[in-house]
Amino acid sequence: MERKVSQIRNVFSITQICLMSYRAPTKRPAGGVLTEEQRAINRMLPSVRAIVEHPFRVVQRQFGFVKVRYRGLAKNTGQIVTLFALANLWMARRRLLPLVGEVRP
């Protein structure tokens with residue numbers, strides 16, 4: 001299955017394939033070089049990882065949710081769902097506040 005670098009950059013479904021088949025960056029073999037396709041995939045992985053991990057950072061740092069107490073599966077699930085919904089609002093606040101008419105940092 002041969003893919004060109006331009007296909008990797010332009011097609012969104014390739015990103016999903018990268019996540020499934022290329023979970024870690026490809027290491028350069030001893031004394032060798034990486035192909036252009038491997039280098040393109042290695043450049044794409046951190047950008048996808050940053051998008052995926054940003055909501056977790058918001059939940060942990062902005063809302064202080066770093067430890068889970070065993071209070072029951074339903075309570076924990078409800079709290080996590082609520083925190084991720086709030087994280088989505090937190091990340092979209094700069095786009096949402098101008099609609100209200102007042103922008104604060």
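Biologist: Which residues of α4 are buried?

Modeller: The buried ones in α4 are N76, L83 and A87. Buried means under 20% relative accessible area, exposed is over 50%, and partly exposed is in between, with a 1.4 Å probe and protein chains only. Before we go on: this is a predicted model, where local features need pLDDT of at least 70, side-chain atom pairs count only at pLDDT 80 or more, and totals for chains, interfaces and linings use all residues. Residues are numbered from 1 along each chain as its sequence is written, and side-chain values use heavy atoms, with hydrogens and water left out.

Biologist: How far apart are the end C-alpha atoms of α4?

Modeller: They are 27 Å apart, which agrees with the 27 Å that its 19 residues should span at 1.5 Å a residue. The expected span is 1.5 Å times one less than the number of residues.

Biologist: Zooming out, how many helices and strands are there?

Modeller: The protein has 5 helices and 0 strands. Helices (H or I, at least four residues) and strands (E, at least two) are DSSP runs, numbered from the N terminus. Of the 105 residues in the protein, 20% are buried. Among contacts with a separation of 6 or more, 44% are between residues 24 or more positions apart.

Biologist: What about α5, how many of its residues are buried?

Modeller: The count is 0 among its 8 residues, so α5 is hardly covered. L99, which is found in α5, counts as exposed because its relative accessibility is 72%. After α5 comes G101, with a positive phi near 115°.

Biologist: Which residues make the nonpolar surface patch?

Modeller: F63, L86, L89, W90, L96 and L99 make it, and it covers about 560 Å². Patches take residues with over 30% relative accessible area and no salt bridge, joining like charges within 9 Å and nonpolar side chains (Val, Leu, Ile, Met, Phe, Trp, Tyr) within 5 Å. α4 (73-91) and α5 (93-100) each supply at least two of the patch residues, and α4 gives the most, with 3.

Biologist: Switching to charges, which side chains meet in a salt bridge?

Modeller: R43 and E36 do, at 3.9 Å from N to O. The structure holds 1 salt bridge, meaning a side-chain nitrogen of Lys or Arg within 4 Å of a carboxyl oxygen of Asp or Glu. R43 counts as partly exposed, at 41% relative accessibility, and E36 is partly exposed too, at 45%.

Biologist: Last one: is N42 buried or exposed?

Modeller: N42 is buried, with a relative accessible area of 17%. N42 lies in α3 and, leaving aside neighbours within four places in sequence, is in contact with P25, T26 and L34.

Definitions and conventions: Accessible areas come from the Shrake-Rupley method with a 1.4 Å probe; for residues, only the protein chains shown count as cover. Contact means heavy atoms within 4.5 Å.
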